[in-house]
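Let's take a look at a ligand site and the sheet that goes with this fold. Have the model open while you read.

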Amino acid sequence: MKTLPHDLRAVAGQFAIVGDYLAAEPYGSGHINDTYASIFDQGGTRVRYIHQRINANVFKQPALVMENVERVLRHVHAKLTAAGVAERHRRCLTLIPTRSGAAFYRDPRGNYWRTYVFIEKAATYDVIASPAMARAAARAFGRFQQLLADLPAPRLHDTIPDFHHTPRRFAVLEQALARDAANRAARAKAEIDFALQRRTLTQTLIRDYEQGLIPERIAHNDTKLNNVMIDDATQEGICVIDLDTVMPGLAHYDFGDMVRTATRSGAEDEPDLSRIVFQADMFDALAQGYLETAGGFLTPAETDRLAVSGPLITFEIGIRFLADYLVGDVYFKTHRPDHNLDRCRTQFKMVAEMERCRDAMEAMVRRHAGSGS
Ligand SMILES: Nc1ncnc2c1ncn2[C@@H]1O[C@H](COP(=O)(O)OP(=O)(O)OP(=O)(O)O)[C@@H](O)[C@H]1O
Ligand SMILES: [Mg+2]
């Protein structure tokens, strides 16, 4: 048996789990936290748990992250209970408290750990296999937002301030460009021009929010396909996971990031741009799935702006890659020269594609909004 970098028996022993610890192993393909699955014997039945070490480099205040996660889960569980929903512990993550009743355990080395009930008979997928899967994931994220639309005050913590403040992201790009610290601006001239021509795009949504036209919501903020558990039997998106970035935001951040990640034909860092095309059938499936659940609470003004959130969030991530390229690859890990520039190019190609398909996207949103939920 391989030795693990952490003593999982000791970690698991801190949590209020009944039964005998049998084993643990690294689990899943997450990039941020360290995830392990353990097996316990509970009176002759094998039961699994998920243990996660929170990445304290990314989340500077893990205790605040856990406060958000705890409140969100308590609220969702209460609503599912009130509605008499079956299989509540497969439809919502469940935190196992420590033996002293806390939401997380801090080990002697300062690592933060949490434990969840293992959601069985469901899986996460790294690649979207079909529009049906995109629709299932979008339904799940829409339902997640809907369940949190009435979370009582106080506001959740802003664990990553200005996460989607596009004008501030643009200002960072302009600073990087002015300094040109890695002497790369000449190599990225076409991308810099593309970005500078779209300065006004950065005001979309933020301006509407500041003018009170669209409300603050609770957003998941990491709406990749592999953050939804898909039920093995029904293929339904049964549970939204990975809640570290849940915080106040706009509903559009989640829809826009789904569009960014699910409608692109190739890899995020594909150097051959002819392979990067916008897949309209995926967009249609996302709009359909999302509106089936989120349609119940979105205002008409929010629905009106769904289509534009795709190119906006894609542009935002593109300028972040570009800025990081210009400062010399400080934030995003790179594995080859020009890696961040390649990533920027795929985003900008998608922005251009979506600008071309704007009317079609608007029409699809209207059609699914019109069919009601
Ligand atoms: N409660 C659970 N039950 C079953 N599997 C789970 C559970 N929680 C997480 N997983 C699995 O572990 C993987 C990693 O979990 P998670 O997404 O929380 O980690 P992460 O490191 O934050 O990921 P990311 O790279 O998406 O930020 C998931 O994709 C899923 O396959
Ligand atoms: Mg994840």
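What follows covers the ligand's surroundings and then the strands.

This is a predicted model, where local features need pLDDT of at least 70, side-chain atom pairs count only at pLDDT 80 or more, and totals for chains, interfaces and linings use all residues. Residues are numbered from 1 along each chain as its sequence is written, ligands are numbered from 1 in written order, and side-chain values use heavy atoms, without hydrogens and water.

Which residues are closest to ligand 1? Of the 21 residues around ligand 1, those are His31, Asn33, Gln52, Thr124 and Asp242 (a heavy atom within 4 Å counts as near). By class, the shell holds ten nonpolar, eight polar (Gly is counted here) and three charged residues (Asp, Glu, Lys and Arg).

Here are some polar contacts (pairs of N or O atoms within 3.5 Å):

| Protein side | Ligand 1 atom | Distance |
|---|---|---|
| Val117, backbone | nitrogen | 3.0 Å |
| Lys224, side chain | oxygen | 3.0 Å |
| Asn227, side chain | oxygen | 3.1 Å |

On its own, ligand 1 exposes 620 Å², and the protein buries 96% of that (Shrake-Rupley, 1.4 Å probe). Strand 3 (45-53) and strand 5 (112-117) are the elements giving two or more residues to its shell (strands are DSSP E runs of at least two residues).

Now the sheet: five strands form an open, antiparallel sheet in the order 1-2-3-5-4 (pairing takes at least two DSSP bridges). Strand 1 (20-26) and strand 4 (105-106) are its edges, each pairing on one side only. Strand 2 (residues 34-42) runs antiparallel to strand 3 over nine bridges, and Thr35 stands opposite Gln52 in strand 3.

How values were computed
Polar contact = N/O pair within 3.5 Å; in protein donor to acceptor, adjacent residues only side chain to side chain. Helix = DSSP H or I, 4+ residues; strand = E, 2+ residues; numbered from the N terminus.
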